[in-house]
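Here is a short briefing on one structure. It covers the ligand site, the strands, a surface patch and some backbone angles.

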Amino acid sequence: MARNTLTVTDNRTGKQYEFPITDGTIKAVDLRQIKVSEEDFGLMTYDPAFMNTASCRSAITFIDGDKGILRYRGYPIEQLAEKSNYLEVAYLLIYGELPNKKQFEDWVAGITHHTMLHENMKKLMDGFHYDAHPMGMLAATLGALSTFYTDARNVHDPESRRQQILRLIAKVPTIAAFAYRHSVGRPYIYPDNSLGYAGNFMSMLWKMVEVRYEANPTLVRALDVLFILHADHEQNCSTNAMRSITSSDADPYSSAAGAAAALWGPLHGGANEAVLRMLAEIGHKDRVPAFIKEVKEGHGKLMGFGHRVYKNYDPRARTIKKLADEVFAVTGRNPKLDIALELERIALQDEYFVKRKLYPNVDFYSGLIYQAMGFPVEMFPVLFCIPRMSGWLAQWNEQTEDKETKIARPRQIYTGAVERPFVEMSARR
Ligand code: CMC
């Protein structure tokens with residue numbers, strides 16, 4: 001009968017080893033048994049960028065990159081985008097099940113209760129330079145929250161974790177909106193708890209002198225759907241940062257600041273900003289073939305294309321493309337859409353992109369919607385960070401309860417100098 005094991009022969013010694021296979025993986029530490037001598041450290045795997053390493057067990061998000069499938073806790077992303085709302089999805093990610101009516105009401109009330117920022121946080125944000133990037137302000141302010149909520153260090157206390165989860169999900173839109181208002185020199189607008197999560201965020205962004213700001217309901221719903229689509233994406237760069245930082249039992253505010261910093265990079269959540277800059281640079285649909293040619297010659301990348309996991313159309317991009325029509329019906333069509341559609345049309349039939357399985361990802365169309373809704377490009381990664389907070393927190397909560405969790409500490413292959421004696425300065429060349 002077939003055994004669920006892997007047999008390895010070490011050709012250096014002729015010895016054979018048998019390792020159990022569980023869930024399609026072998027344990028990397030099992031390989032340490034493979035040695036050429038007693039003093040030998042044992043075999044390691046070399047996997048920069050975790051191309052083929054599962055770093056944890058997780059029951060939160062499932063992706064089949066070849067088929068273009070994304071599910072949160074088993075629910076297809078398309079169904080959640082159509083039938084759910086962001087706060088319900090956040091609950092689902094964190095607690096594993098869709099909330100019943102009572103659970104949902106308590107959850108929304110808990111989050112609504114925590115939307116205000118301490119006045120000293122506001123003063124702290126005032127200190128940023130007038131042209132500070134809102135994502136830099138957001139990351140720094142998230143980190144600063146740890147100095148206000150010192151109880152957050154009790155990471156092994158489930159009640160404390162619950163409290164920090166409510167605070168972080170509640171406060172991230174307020175910080176994001178304050179960062180935006182600071183960057184345009186407008187007074188901060190306090191939360192309006194009579195509005196929903198996305199509607200309140202829009203009020204804090206755009207309210208001027210009116211008593212109550214109510215955004216267009218189509219745009220509120222569109223932003224809420226975008227929040228659902230961005231809420232979690234299993235072990236991506238920023239989530240891995242969150243898990244890595246919290247593995248030392250750091251508090252979730254410090255860890256979320258680190259995760260936000262990871263998200264900001266143009267290869268990750270900063271890609272939506274990069275897409276809009278790219279579309280502006282191309283300028284006109286007629287210049288698309290020349291741009292594609294440059295990319296194929298190795299001059300830059302087609303931003304918003306390609307993914308480490310998806311080797312098919314990103315299902316989030318498909319939903320966003322549909323959402324764009326609803327938004328443009330209210331805001332008017334973003335003229336850059338024609339350039340984006342032409343890029344997609346040409347790239348999807350070009351051998352370079354087809355061979356490498358490069359398809360539009362979540363960031364390709366989201367920026368066009370954000371821009372049509374009135375967001376400046378600097379706010380795009382911020383808009384990604386707001387909903388990803390629930391994913392980071394779900395992953396943190398799961399990791400903290402996982403008995404297998406240990407401090408993240410990869411190995412290295414040392415390539416530096418062998419031991420050598422210290423050289424006095426007078427003797428240095
Ligand atoms: N444009 C042109 N060529 C590309 C692109 C692209 N966007 N992406 C990958 N390639 C090429 C790459 O040059 C390589 O070619 P070759 O085999 O000839 O060396 C091949 O495709 C494989 O790419 P890779 O860099 O090994 O793939 P990766 O898994 O390390 O990188 C990625 C994934 C998302 C960083 C990359 O596709 C990329 O930089 N895309 C553009 C940035 C972007 O849109 N990022 C958002 C990702 S989705 C949301 C998120 O994660 O936040």
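Which of the 20 residues around the ligand come nearest? They are His268, Lys301, Leu302, Gly304 and Arg308. A residue counts as near a molecule or strand if one of its heavy atoms lies within 4 Å of it.

This is a predicted model: local features need pLDDT of at least 70, side-chain atom pairs count only at pLDDT 80 or more, and totals for chains, interfaces and linings use all residues. Residues are numbered from 1 along each chain as its sequence is written, and side-chain values use heavy atoms, leaving out hydrogens and water.

**Ligand contacts**

- A side-chain N or O atom of Lys301 sits 2.6 Å from an oxygen atom of the ligand.
- Gly304 uses its backbone: an N or O atom there is 2.8 Å from a ligand oxygen.
- Arg356 places a polar side-chain atom 3.0 Å from an oxygen atom of the ligand.
- On its own the ligand has 940 Å² of accessible area, and the protein covers 71% of this. Accessible areas come from the Shrake-Rupley method with a 1.4 Å probe; for residues, only the protein chains shown count as cover.

**Strands and sheet**

- Strands are DSSP runs of E with at least two residues, and helices are runs of H or I with at least four; both are numbered from the N terminus.
- Two strands pair if DSSP finds at least two bridges between them.
- Strand 1 (residues 5-10) pairs with strand 2 (residues 15-20) in the antiparallel sense, over six bridges. Asp10 stands opposite Lys15 in strand 2.
- These two strands form a hairpin with four residues between them. Gly14 in the turn has a positive phi of about 80 degrees.
- An open sheet of three strands runs in the order 3-4-5, with antiparallel pairing. Its edge strands are strand 3 and strand 5 (75-76), each pairing on one side only.
- Strand 4 (residues 69-72) and strand 5 share two bridges. Arg71 has Pro76 in strand 5 as its bridge partner.

**Surface and backbone angles**

- Phe41, Met44, Tyr46 and Ile413 form a nonpolar surface patch with about 440 Å² of accessible area together.
- Met44 is in the loop between strand 2 and strand 3 (61-64). Met44 counts as partly exposed because its relative accessibility is 35%; buried means under 20%, exposed over 50%, and partly exposed in between (1.4 Å probe, protein chains only).
- Asp23, a residue other than glycine, has a positive phi near 50 degrees. Its relative accessibility is 60%, so Asp23 counts as exposed.
- Asp249 has a positive phi near 70 degrees. Asp249 is in the loop between helix 9 (237-246) and helix 10 (252-264).

Terms used:
Patches are made of residues with over 30% relative accessible area and no salt bridge: like charges are joined within 9 Å, nonpolar side chains (Val, Leu, Ile, Met, Phe, Trp, Tyr) within 5 Å. A salt bridge is a side-chain nitrogen of Lys or Arg within 4 Å of a carboxyl oxygen of Asp or Glu. A polar contact is a pair of N or O atoms within 3.5 Å; within protein, one must be able to donate a hydrogen and the other to accept it, and residues adjacent in sequence count only if both atoms are side-chain atoms.
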